[in-house]
Structure formats: structure tokens, C-alpha cells
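Work through the exercises below with the sequence and structure in view. Each task is followed by a solution in steps.

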Amino acid sequence: MEVLRLQNLQKSFGSVRALKSASFTLDEGEVVALLGDNGAGKSTLIKAISGVFSIDRGEIYVRGQKVSIRSTRDAMDLGIETIHQDTSLAPDLSIARNLFLGREPVNLKWLGVFAPLDLAKLRDAASALLKRVGISKKLDADALVSTLSGGERQSIAISRAMQFAAKVIILDEPTNNLGVEETHGVLRFVKEVRAAGHSVLLITHNIHHVFQVADRIIVMRRGEIVAEQTVADTDLLTVESIITGADMSALLKETRAK
Amino acid sequence: MPVGKRRSSLIRSPQFSSLIMFIVLLAVFAIADANFLSPLNISNMMAFLPELGIIALGMTLLLTAGEFDLSVGAVFGLAPVVVMLLVQNGQVDIGVALLAGLLLCVAIGAINGLIVTKIGISSFLVTLSMLLVVRGAALYITQGFPLKSWDQPGFFVTLLAGSFNIGSFRFYTSLWWFVGLSLLAIYVLRYAKLGNWISAIGSNRNAAVARGVPADAVKIWLFILTSVLAGLAGMISAFRISAASPVAGTGYELEVIAMVVVGGTALTGGRGTILGTIVGALMLRSIRNGIVLIGVPGLAYNIFVGVIILAMLILHALLQKNAARS
């Protein structure tokens, strides 16, 4: 079932057409990898979906409903959670406080921003979540994020997205700056996320990772989507040549024919 | 967290090391001069303490959110001057004049906050310029002369600068202001939703924004709060000494920031502690007072204050390193 559909998304910055035209769909429980060189428009595309800025033209549908996304809050409310490279967590806050940042459980709600945090609920929910997502290393919900490793931080950020029952989780370079073992941990986690029924849009430079977890590959070049293939129908070398633009026309024809 | 672990993290916390340092300082001063802990001297220290302490509370929240304000000392001077000019030359009721003074502080804080967040200039530069503008305004509108402050007894004088005796100690109502505002600040920073936002903004602004936290609005309100507290402190001071001087509060901005960081709040944002700030305020107050009492020459005492502040900061940095290693 279709969860997210983009139709003819366009975005310019001054005279630079960062996004010329982008259309694709994302199905339930699917991991789609978004590939492309630097400046291909990947960032612009995911920023448009996650509400960092609004698009100039085009339509976004969530579960068949046409939506307008004007802020990160809009995107979150629609069930689109984005996890940015290393900007997702506040290192000086505890795991529990990070997990609920912006959606804190409170008592006396009428006090608005001055409402007291429901600390017991915060800690219990955080512990339960850490257990459920199988972060086995017995992380303490009260531990500061600054004491965690890079992989643990990514896992926390992803589980936060899962916790709010996100329909679409966008992972922006989730394995950047991670060690080999931690990278495997995060990739395993992506599979678990899919198994739990969430859809994932994975942005990465590492094609090897794509072949380990993705169902489908979308390649962007110069603000356009130039290829879209299922992982089963392609191989590493082909994808690499599409990204760099070598022999692109032939591949494009092949893609269109499908 | 197990009890043992919690206890060791408490001992390592910056508030705790500040507290130990404070107690050591008190002991040194008390031994060096018996008058240090006399009721008269304690009363004296407690008269000054709230005025800088109140500003330090706002500054702590602002620093925790990753910004700071150098214009507080100038606001401390300008606010009471404006109030007194309105009363004496404008024949305005004292209550209305006080309100107008506070509204002026709101405006100054809002301008600071808007320029920092919306135009994106660092708070150091924005508030440094504001310091000059505000101090200059205070000097210009008074032509450099101090004004006689409101000294007729009445509701507002009692509210801001009334005094009362407990045994042989004499305290000002400003102490209640400081205590009340401290409790509020502790609540907001540690237990309220807003406190979570403030720490998150200072720790990683982009992460907070990505979670829908209105970072700019929070910062603007904190600039306003800091400015208002500085103005309030200035009014308390002017009422207490019955004079409003256009140069009052000169250098307070650095003294207040010193109180905050000595207490353990990180200058880089994300980690703030109101309890630490209270200890920091007490410490700087007693250093200034104790140094005079034990006979350090007046002109030399900034040397001592500077050295003690540096020692505190080095201690915090070492503890931090230690904690990171374990």
C-alpha cells in the first residue's frame, strides 16, 4: 500500500534549480534508498518532505491524501520523521528527555510551556522503549546522550521515530562516521524498522549498505530522478555508473521501458 | 540509577565542587577576620547579593540556551533613571513609572533577541552594542548626574527595598525576591517542559528545531526575561540607596557571567544549574567582601577575584575531563 507519493516536486534557490522535478512513491514496509552524488538534490528533496522548507511547485500525498508541509512540526504530525546525520539528539540531555523532546509528557497541561514534566512517565516510557527496540546493552534512560557511542545515538534517534508510530522514517546518512560494527548494528536496526511496518527512505553515499537493506533504489542527478529500480533487478556496478552519469542514456531508456 | 552511582555523580557535579570551594572560602575569611561572620557583615552581604543574583538567574537560563547578554549592567543603570525622570520631571505616578521602566526593559530584551535570532548576529556583538546604546542613553538623559531616588515610604518602596530584622540580622525584601525567583528558575529549568527546551536548544539547536521546539521564540523570551530582571534589580538597588545613578551597574555584566559560570553553567550552552548560580553569586559576593575585610588593598582586589574565578573554572574543567574518562 502506498504511504507517500511525490508528484513533480520543484524547488529553486535564486536561479539555482535544486530540484527540477521529482516524483516517486513509497510503499508500506518498504526501504527505498535515495542515491546520488553531492549536489544531486537528495538533501533538497528530503528537506522538502521533512518540512525544513516548502516546495515551489508539486504535490505531496500521504496515504492518498494531498497534504501541505510547511514546518517540521507539520511533517511530524503527518507521521514523517527525519533523522539527520548528527543533528538529531541533544548531547547534554538524558536519553529519556531526548526521546520525548518536543513531545514531553506533562502534568497540568494548562500551564503550557511551564507545565511540569511527568518524570515518572518519561522514564518508564523511555525504559520500555529501549527494551522493545532491543538495544540490548542495557542503556540507562537517565544516561546523558553525550556518554553514548555514535551507533547508540543513531539507534536512539531511530527508535524515537518508531515510537511515534511514524509512517515514514527518513534516514539521512545514518552510517556516517560509524565504525564497522556499529554500522552493522544500524543496518540491522533498519531491517527491524521495516519488519515493524514502517517505511524507510534511506539517504546514503555507501552503495554497499544499500544492497544490504534496501528494496528499491532511486538515483538522482542534477535535481532530477534519473533511475528507479528494484534491488533484485540491478547490481552494484550498474548503480554506480548511473550515479556518476556514465552511459546514462542507455540506462534511462531501460528504466523508462519498465 | 543506583544510589552509589547517583552519589558519585552528585559529588562530581559542578554545583558540588562550587559549594565545597565556597565553604572553604568562608572558612578562610572567617579565620582571617572574626568580623566576617558578624551579623552586620552578613546583613551587608545579603543586601547586595540579590541585586546581582536576580540578574544571574536570567543569565543562567539564557546561557543554558546558548546565548548571553552583555547589556544587563547598562539596563540596571538605565531602568531606575527612566523611572525617576518620569516621576520627577513628568509628574507620573510612581507605580506607572515603574511599569514604564519595566516595559522599556522588555523592549531592550526583545530587540536583542530579535536581532540575534532573526538576523543571526552573535549575541556577543549584539548585546555589546546594546550595552553602549543603553549606557549612553542613561548618561545623556541625565546629563551624567545621579538622580535622587524615590524615598517617600509607601507600597513600592516596601515591595522593592523594605527591610526587616531577624534577631540581629537586618534583611531587605529583595532577598525574598531572590529566593522566590530562584525557586521559580529551578522549577522551570529542571522540572518544566520549557526547561527541557532551553537545555536542548543550547545543547543542539538543530536537533531541538527538528523536534518542533520553537527555538527562536524561546531565546527571544529569555533575552526579555534577562533584561527585565536586570531592570528590576536596578530599581531595587536605586530604592535601597535612594539614588539612581546613570553609571550604576557598570561592569555588572561580567560579574554576573562570572557568577553563572563559576556555579558550573557551561558558557557554550546546554548545561545550566540554578543551584550552582546561587552558590556562584554567594561566592563572588563573599569574595569581594572578605577580601576587603582581610586587608587586601582596594586596588589589588580584582587580582584576587580574577584568580579565584580562574581557579574555579580550572576545577570544573578538570572534573569534567575526569567524568568523561570514567
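**Exercise 1: Overall form of chain B**

Task: compare the radius of gyration of chain B with that of a compact globule.

Solution. For 326 residues, a compact globule would have a radius of gyration near 20 Å. Chain B has 20 Å, so the value agrees with that of the globule. This is a predicted model. Along the principal axes, the C-alpha atoms of chain B fill a box of roughly 65 × 55 × 35 Å. Chain B has 14 helices and four strands, and buried residues make up 52% of its 326 residues.

**Exercise 2: Contacts along the sequence**

Task: state what share of contacts in chain B, between residues at least 6 apart in sequence, join residues at least 24 apart.

Solution. Take the contacts between residues at least 6 apart; of these, 76% join residues at least 24 apart.

**Exercise 3: Helix H4**

Solution. Helix H4 of chain B covers residues 72-88, 17 residues in total. From first C-alpha to last, H4 reaches 25 Å, close to the expected 24 Å. Buried means under 20% relative accessible area.

**Exercise 4: A nonpolar patch**

Task: find which helix gives the most to the nonpolar patch, and classify B:Phe124 by accessibility.

Solution. The patch, about 450 Å² of surface, is made by B:Ile119, B:Ile121, B:Phe124, B:Leu125 and B:Leu128. Helix H6 of chain B (residues 123-142) gives the most, with three residues. B:Phe124 lies in helix H6. Its relative accessibility is 40%, so B:Phe124 counts as partly exposed.

Methods. Residues numbered from 1 in each chain as written. Chains lettered and ligands numbered in written order. Predicted model: local features only at pLDDT ≥ 70, side-chain atom pairs only at ≥ 80, totals over all residues. Heavy atoms only, no water. Helix = DSSP H or I, 4+ residues; strand = E, 2+ residues; numbered from the N terminus. Expected span 1.5 Å × (residues − 1). Patch = residues over 30% accessible without salt bridge, like charges linked within 9 Å, V, L, I, M, F, W, Y side chains within 5 Å. Areas by Shrake-Rupley, 256 points an atom, 1.4 Å probe, with all protein chains shown as cover. Salt bridge = Lys/Arg side-chain N within 4 Å of Asp/Glu carboxyl O. Buried < 20%, exposed > 50% of the residue type's maximum accessible area, 1.4 Å probe, protein only. Rg over C-alpha atoms; globule rule 2.2 N^0.38 Å. Contact = heavy atoms within 4.5 Å.
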